[in-house]
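The entries below follow the order in which I looked things up.

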Amino acid sequence: MPKHLEKLSFKNPIYVLAPLAGYTDLPFRSVVKKFGADLTVSEMLSSNALVHGSKKTLHMIQKSPLEEPYSVQIAGAEVDVIRRAVEILNDEIGIDIIDLNCGCPVPKVVGHGSGSSLLLNLPLMGGIIRTIKDTSNKSMTSVKIRLGFEKKNHIEIAKMVEDSGADFIAVHGRTRAGKFKAAVDYDAIREIKEALSIPVIANGDIDSFEKAKWVLEHTGADGIMIGRGAVGAPWIFHQLKNGSQEIDKNIKHEIIMEHFDKMVEFYGLQGIPMFRKHTHTYSKGYRGASVLRNDVNRITNPSEYRGLIDEFFKNNEILV
Ligand SMILES: Cc1cc2nc3c(=O)[nH]c(=O)nc-3n(C[C@H](O)[C@H](O)[C@H](O)COP(=O)(O)O)c2cc1C
């Protein structure tokens, strides 16, 4: 096994950044990676868009040099389109894993039969996984699922994933009906772990060292995946792994500026409006946050924006 894939032997639990469309792009993933995320995953890419040569989608595949290993997530509902999408990814170097999205609850995605819709048609889901496995020249194939569509049938889903050749599985412990709010069913994740031989990664509402430790113990999972807990706090991976509570204000300042710079580098001027939502989450709990948010909402000039957030995060403290 190549050295950069050692973590994927799952000898020790791994810490994974969840794919979050609109958030976990290259700039965000590269700052998260600095704090010890073992695996980073691209935002979900539409297999149709890939096959149609969408420039935006191809841009989304790019990875930061730090991202080793790197996973690209695809969504789709047609075996032939998936096969062609994987053939396109085969020409892209630096990708280690192709992940299939079987969890997205968004109506636009579900309406196309993709994402969590695949949980309603397990033979099709299995056929798609098998197609990825057989077509891909990458080291691994993985699948991200929910526990069911309306009701839980998590064991049946997970067994189909395993039997179709996936190398590991990530489980968001809710059904599609549970959206992002229902209580996460960690018992169901444990049941999947007990039923499968492939590694299982637990996902859902993990946002502290204590919670991460508890989820790993309770589910027996081979890793944990963190999504929303990392938004506005890319340093969470350091905290989750080491149990340290606070990150130094100066380190936060430095990383926020690095994130901003990478956004402008990656997206050009388009990066400015895209960074607003990050500014909002980074400034949560800071004195003067609402004034800052109003200010950045009207700024379009990169150096003006940079100067403002530089001053703000250099000088302000979180109110406890
Ligand atoms: C804004 C947003 C975007 C998301 N985008 C994706 C995606 O592209 N692919 C995917 O598999 N899951 C996606 N998810 C689901 C997350 O990966 C994760 O399963 C879910 O948020 C639960 O984990 P968390 O509580 O740690 O956030 C998204 C979730 C949110 C909130």
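I began with strand S6 (residues 140-145), which is largely enclosed by the rest of the structure, because five of its six residues are buried. I call a residue buried if 20 or more other C-beta atoms lie within 10 Å of its own, exposed if 12 or fewer, and partly exposed in between, with C-beta atoms placed from the backbone. Helices (H or I, at least four residues) and strands (E, at least two) are DSSP runs numbered from the N terminus.

The model is a predicted one, so I read local features only at pLDDT of at least 70 and side-chain atom pairs only at pLDDT 80 or more, while totals for chains, interfaces and linings use all residues. Residues are numbered from 1 along each chain as its sequence is written.

Next I listed the partners of S6. Strands S5 and S6 pair in the parallel sense over six bridges; two strands pair if DSSP finds at least two bridges between them. Ile98 stands opposite Thr141 of S6. S6 is also joined to S7 by four bridges, again with the strands running parallel. I found Ile169 in S7 as the bridge partner of Val143. S6, helix H7 (residues 154-163) and S7 form a right-handed β-α-β unit. Right-handed here is a crossover in which, with the strands pointing away from the viewer, the path from the first strand over the helix to the second runs clockwise.

I then turned to strand S4 (residues 70-75), where six of six residues are buried. Which residues point which way from S4? Tyr70, Val72 and Ile74 point one way, and Ser71, Gln73 and Ala75 the other. In a regular strand the side chains alternate between the two faces of the sheet.

- Strand S2 (residues 39-41) is joined to S4 by two bridges and runs parallel to it; Val41 stands opposite Ser71.
- Strand S3 (residues 45-46) pairs with S4 in the parallel sense over two bridges, with Leu45 opposite Ile74.
- Strand S5 (residues 97-102) runs parallel to S4 and is joined to it by four bridges, with Leu100 opposite Ile74.

S4, helix H4 (residues 79-90) and S5 also make a right-handed β-α-β unit.

Pro69 lies in the loop between helix H3 (55-61) and S4, and the peptide bond from Glu68 to Pro69 is cis, with omega near 5°.

I also looked up positive phi values in residues other than glycine. Lys179 has phi near 45° and sits in the loop between strand S7 (168-172) and helix H8 (186-195). Lys179 counts as exposed because it has 11 C-beta neighbours inside 10 Å. Asp205 has phi of about 60° and sits in the loop between strand S8 (200-203) and helix H9 (209-219). With 18 other C-beta atoms within 10 Å, Asp205 is partly exposed.

Helix H11 (residues 249-267) and helix H14 (residues 302-315) pack at an angle of about 165°, with their axes 9 Å apart. Axes are lines fitted to C-alpha atoms, for helices over the stretch in contact, and angles run from 0 to 180 degrees between N-to-C directions. That angle makes H11 roughly antiparallel to H14 (over 145 degrees).

Terms used: Parallel < 35°, antiparallel > 145°, perpendicular 65-115°, else oblique.
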